[in-house]
Amino acid sequence: MRINEDTLLEGEKVVLVPYNAEHVPRYHQWMCSPDLQKLTASEPLTLEQEYDMQTSWREDDDKCTFIILDKQKWADASVPEQECMVGDVNIFLTDPSDPSLAELEIMIAVPCYRGKGIGKEVTRMMMCYGIHKLGIRKFEVKIGLDNKISIAMFKKFHFKELSISEVFQEVTLGVTVNEALHKHVFGNMDFMLQREYGKTRDSRQATFTPLSL
Ligand SMILES: CC(C)(COP(=O)(O)OP(=O)(O)OC[C@H]1O[C@@H](n2cnc3c(N)ncnc32)[C@H](O)[C@@H]1OP(=O)(O)O)[C@@H](O)C(=O)NCCC(=O)NCCS
């Protein structure tokens, strides 16, 4: 999707930025991990296929993706953006006849960043973006049956079990956007700011641009 190609979402712990070609090598390195392949039900791709995938996430109208960056690390302009990468979050419009239905995916790829509230923060931010910018009214997630952490997290966001696939060993959870969800989950989103990605990134780099004498 091109709608977020210059969008940066700033939270308390993270910054979400559009998935660009420069992120692909690190992303590819993550996805070589059999553990992450299993947790995210992904097939291994070659680096070239991963670049194609990045292009398709950018170009296709049914996919919206952000890379999750460690906000504190990213604030230091001497640290390359690739080194601030923590994971990714996606919205996928699964039903061409219903653009208000979205599948959500999240991955905190770097293990030491898990269990610190980042998954919850990013899920809230992405759902809020989906509701307000993409007009999403119903979210679904597909999670491996043994991924108890992810199931527990989405239940905190009022997701309820819709179906179980014995074949794929996964559960589908879903939530409809209603007043109760707004009140309990998105009651206070003051912590989230939206900025222009290009300008914000350039000003981060400008801090370290040597002054000409
Ligand atoms: C699932 C995942 C996104 C959760 O993100 P996270 O940053 O680790 O989770 P958070 O610290 O925000 O915690 C969110 C909730 O998850 C649950 N949780 C987190 N760590 C847990 C643990 N070690 N044991 C049990 N539950 C845990 C809790 O319900 C927690 O809410 P609480 O802190 O209010 O109790 C992350 O662990 C991940 O990306 N794992 C690998 C990929 C994956 O499984 N993706 C999901 C596929 S749909």
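Tutor: Two strands are said to pair if DSSP finds at least two bridges between them. Strands (E, at least two residues) and helices (H or I, at least four) are DSSP runs, numbered from the N terminus. The model is predicted: local features need pLDDT of at least 70, side-chain atom pairs count only at pLDDT 80 or more, and totals for chains, interfaces and linings use all residues. Residues are numbered from 1 along each chain as its sequence is written.

Student: What makes β7 and β8 a pair?

Tutor: DSSP must find at least two bridges, and β7 and β8 have five, in the antiparallel sense. One example is Glu161, whose bridge partner in β8 is Leu173. The two strands form a hairpin with four residues between them, and Gln169 in the turn has a positive phi of about 50°.

Student: Which strand does β6 join through seven bridges?

Tutor: That strand is β8 (residues 170-176), and the two run antiparallel. Glu140 stands opposite Gly174 in β8, and Ile143 opposite Val171.

Student: Why are β7 and β9 called edge strands?

Tutor: The open sheet has nine strands in the order β7-β8-β6-β5-β4-β3-β2-β1-β9, with mixed pairing. β7 (160-165) and β9 (193-196) each pair on one side only, so they are its edges.

Student: What makes the side chains of β8 alternate?

Tutor: Val171, Leu173 and Val175 point to one face and are buried (20 or more other C-beta atoms, placed from the backbone, within 10 Å of their own).

Student: Which residues touch the most other members of the largest nonpolar core?

Tutor: They are Leu16, Ile68, Leu69 and Val122, in a core of 41 residues. Such a core is a set of buried Ala, Val, Leu, Ile, Met, Phe, Trp, Tyr and Cys residues joined through C-beta atoms within 7 Å. The largest share, six residues, comes from α5.

Student: How many residues surround the ligand, and how do they divide?

Tutor: There are 22 residues around the ligand, the closest being Ile108, Arg114, Gly119, Lys120 and Met153. A residue is near a molecule if its C-beta atom, placed from the backbone, lies within 6 Å of it. The shell divides into 10 nonpolar, seven polar and five charged residues. Here Ala, Val, Leu, Ile, Met, Phe, Trp, Tyr, Cys and Pro count as nonpolar, Asp, Glu, Lys and Arg as charged, and the others, Gly among them, as polar. α6 gives the most to the shell, with five residues.

Conventions
A residue is buried if 20 or more other C-beta atoms lie within 10 Å of its own, exposed if 12 or fewer, and partly exposed in between; C-beta atoms are placed from the backbone.
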